[in-house]
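User: I would like to learn how to read local features in a model. Can you take me through some, one at a time?

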Amino acid sequence: MNSFLAKLFEPKNNGPEITRLLLAELNVPVTAGTINKELEEHPDFNSLLSISDVLHRFGVDNLAARLDPDKLLTAPPPFITQIKGTKQQPDYFTIVRKVDDNNINYYDPVALKWTHSRKEDFIERYMGVVLLAEAREFAGERDYEQKAKDEKRKSALSQLGIITFPIILCIAGLATWLQYGASSWFSLLYALLSFAGASAGFLLLWYELDQHNPALQQMCSAGKKTNCNAILQSGAAKIAGISWSKIGFTYFTGTMLLMLFNGINSPQVLLITGWLTLLALPYTFFSLYYQWRVARQWCVICVFVQALLLIQFAILLLAGRLEALLPVSFPIGWLPAIITAYVLPFMLSAALLPVFKKAKESKENVVRLQRLKHNTEIFEALLNKQKRIAFPTDGLGITLGNPSAPHKIIKVCNPYCGPCARTHAPLEALLENNPGIQIQIIFTASNNEGDKSAQPVKHLLAIANNSKEDHALIKQGLDDWYEAKEKDYDRFAAKYPMNGALNQQNEKIDAMRQWCDQTGIKATPTFFINGHQMPDIYTVDDLKYFLAV
């Protein structure tokens with residue numbers, strides 16, 4: 001069940017899952033949400049290159065290599081490789097965790113679990129390329145613990161939502177059994193079938209939303225004559241413009257709600273549900289005939305729904321309730337409860353399904369635009385059209401990173417600027433994971449009286465000047481200032497006593513202020529990449545797609 005739900009709600013490819021598992025094997029802490037986002041927005045999404053780039057960003061050195069099958073067995077695990085899908089399934093990424101004399105322990109991307117395979121069988125599916133990986137010291141995601149807590153909370157809420165109805169149904173069923181005993185057995189079974197029908201109706205609605213979902217496709221391609229799409233996209237799938245999927249979901253969910261909140265064994269409820277079962281019976285024969293003789297294809301979920309309707313009718317026969325339906329007597333006082341129970345799920349499905357479709361399309365469009373935005377050629381073309389630095393920056397501010405790096409980033413900022421502080425962490429992460437980057441920080445502070453930004457800037461410059469060989473101390477000083485929730489200069493100054501070194505920074509302050517005026521800096525933070533101002537549509541987080549070496 002967990003495997004099915006994972007396929008139903010997770011992305012269609014298995015790249016994010018394999019990346020998450022490899023990082024877990026290497027003991028590198030990165031949240032699943034971050035991995036999904038990084039991979040989905042990569043311009044070469046669903047490729048080994050995208051996985052390699054994401055691993056690099058989190059401090060995992062890796063190397064893609066083409067290995068012959070005999071050399072595959074000598075590669076140091078864990079490593080990622082690609083294997084052929086079975087039957088009509090696509091090719092998959094997988095992880096080899098262990099290789100022994102006769103077996104290979106790897107992650108089965110279809111069953112979503114670790115398994116063993118004979119070497120000969122695995123090599124038949126092996127596609128020739130592996131990604132070897134090794135974690136560096138302190139590899140992982142910044143703020144991992146907080147992000148992990150947020151994800152666990154969201155996951156717990158989602159799981160709670162999934163199990164809410166089953167829990168309510170169990171409680172109501174237990175109460176009915178205690179009250180009526182064995183005489184309620186048929187009613188309990190009827191309620192259970194209604195829950196199964198509501199679940200099947202949900203799957204049919206989900207198919208309308210995402211017909212390419214791997215879990216649904218696996219169900220709908222079990223045989224040669226199994227094709228849900230041929231049935232659910234046919235003209236017979238709707239009546240008066242309303243899909244049978246929506247009607248079926250409304251029928252079963254409404255029945256379940258009516259029984260839960262008005263009594264599973266209530267005579268009035270049994271009367272109403274009995275008549276509805278009789279009214280639904282003709283549709284059962286119509287659907288089965290259409291699939292058998294007209295479409296000549298079968299929809300597994302649809303057949304399951306028809307089976308539930310037939311079993312519910314059989315319960316009426318076995319329980320001897322058909323006689324109770326005649327003469328016809330409708331409890332008028334129950335009309336509000338009936339309308340509420342059946343109209344509510346219909347209105348919710350009618351209102352929410354278009355919203356979910358638009359949300360899904362919007363997300364897909366955003367991801368496509370992000371991939372286009374993260375294309376290196378587009379970035380360089382836009383960058384070369386931006387304002388170019390006309391005045392030298394040698395000796396200004398604080399410089400971090402490799403002096404001979406091929407990429408140089410200039411950050412112009414104010415120590416009390418909130419957006420400047422928010423860009424500090426991603427910029428630092430970019431520097432840590434890319435040896436080919438140099439960062440120069442230039443401040444807009446001045447020596448004018450009343451400029452409160454001058455003192456912290458002088459202090460940061462003094463720390464950098466006194467710790468030219470101690471990059472860790474410079475980094476720590478910048479972290480303590482920018483990552484502090486409240487910018488308290490006195491507390492910061494007490495932690496980094498500089499004595500008379502602050503007064504020696506006035507000329508540096510004037511030089512930076514002059515450069516900012518000459519360059520026309522109007523807002524902070526302003527970034528320059530390799531001599532050109534960064535285009536407005538890009539952020540510091542985007543730079544990891546272009547400046548890796």
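User: Let me start with burial. Are tryptophan 481 and phenylalanine 492 buried or exposed?

Analyst: One caution before the answer: this is a predicted model. Buried means under 20% relative accessible area. Tryptophan 481 is buried, and phenylalanine 492 is buried as well. For phenylalanine 492 the relative accessible area is 5%, so it counts as buried.

User: How many aromatic pairs does the structure hold?

Analyst: The structure holds 16 aromatic pairs. One of them joins tryptophan 481 and phenylalanine 492, and its geometry is edge-to-face. The ring centres are 5.4 Å apart, with 70° between the planes. Planes over 60 degrees apart count as edge-to-face, so the label follows from the angle.

User: Where do the two partners, tryptophan 481 and phenylalanine 492, sit in the chain?

Analyst: Tryptophan 481 belongs to helix α19 (residues 471-482). Phenylalanine 492 belongs to helix α20 (residues 489-495).

User: What kind of pair do phenylalanine 492 and tyrosine 496 form?

Analyst: A tilted one. Centre to centre, phenylalanine 492 and tyrosine 496 are 5.2 Å apart, with 40° between the planes. Tyrosine 496 has 8% relative accessibility, so it too counts as buried.

User: Which residues form an aromatic cluster with Trp244?

Analyst: Tyr283, Phe286 and Tyr290 form one aromatic cluster with Trp244.

User: Now charges and rings. Which residue lies over the face of tryptophan 114?

Analyst: Look for the position of the charged group relative to the ring. Arginine 97 lies over the face of tryptophan 114, at 3.9 Å from the ring centre. Another case is lysine 452, over the face of tyrosine 416 at 4.5 Å from the ring centre.

User: Next, helix packing. What is the angle between α17 and α19?

Analyst: Read the angle together with the axis distance. Helix α17 (residues 424-433) packs against α19 at an angle of about 155°, and the axes are 11 Å apart. Angles over 145 degrees count as roughly antiparallel, so α17 and α19 are given that label. Their crossing is left-handed.

User: Where does UniProt place the feature "transmembrane region"?

Analyst: The unreviewed UniProt entry places it at residues 156-178, 184-207, 247-264, 270-291, 298-320 and 332-356. Then check such spans against the model. Residues 184-207 are 96% helix and 0% strand, and the end C-alpha atoms lie 35 Å apart. Residues 270-291 are 100% helix and 0% strand, with 31 Å between the end C-alpha atoms.

User: Is leucine 169 buried or exposed?

Analyst: Leucine 169 lies in helix α7 (residues 144-180). Its relative accessibility is 11%, so leucine 169 counts as buried. For a sense of distance, take serine 50, 119 residues apart from leucine 169 along the chain. Their C-alpha atoms are separated by 45 Å.

User: Which residues of α4 are buried?

Analyst: Helix α4 (residues 48-57) is mostly covered, with seven of its ten residues buried. They are Leu48, Ser50, Ile51, Ser52, Val54, Leu55 and Arg57. Just after α4 comes glycine 59, with a positive phi of about 80°.

User: Last topic, peptide bonds. Where is the cis peptide bond that involves proline 78?

Analyst: The bond from proline 77 to proline 78 is cis, with omega near 0°. Proline 78 sits in the loop between α5 (69-72) and β2 (79-83). A cis bond also joins threonine 524 and proline 525, with omega about 0°. Proline 525 is in the loop between α21 (506-519) and β12 (526-529).

Key
Residues numbered from 1 in each chain as written. Predicted model: local features only at pLDDT ≥ 70, side-chain atom pairs only at ≥ 80, totals over all residues. Heavy atoms only, no water. UniProt positions renumbered as here; feature names shortened; annotations may be inferred. Helix = DSSP H or I, 4+ residues; strand = E, 2+ residues; numbered from the N terminus. Phe/Tyr/Trp six-rings, centres within 6.5 Å; stacked < 30°, edge-to-face > 60°. Buried < 20%, exposed > 50% of the residue type's maximum accessible area, 1.4 Å probe, protein only. Lys NZ or Arg CZ within 6 Å of the ring centre and 35° of its normal. Axes fitted to C-alpha atoms, helices over the stretch in contact; angles between N-to-C directions. Parallel < 35°, antiparallel > 145°, perpendicular 65-115°, else oblique. Left-handed = near helix turned anticlockwise from the far one by under 90°.
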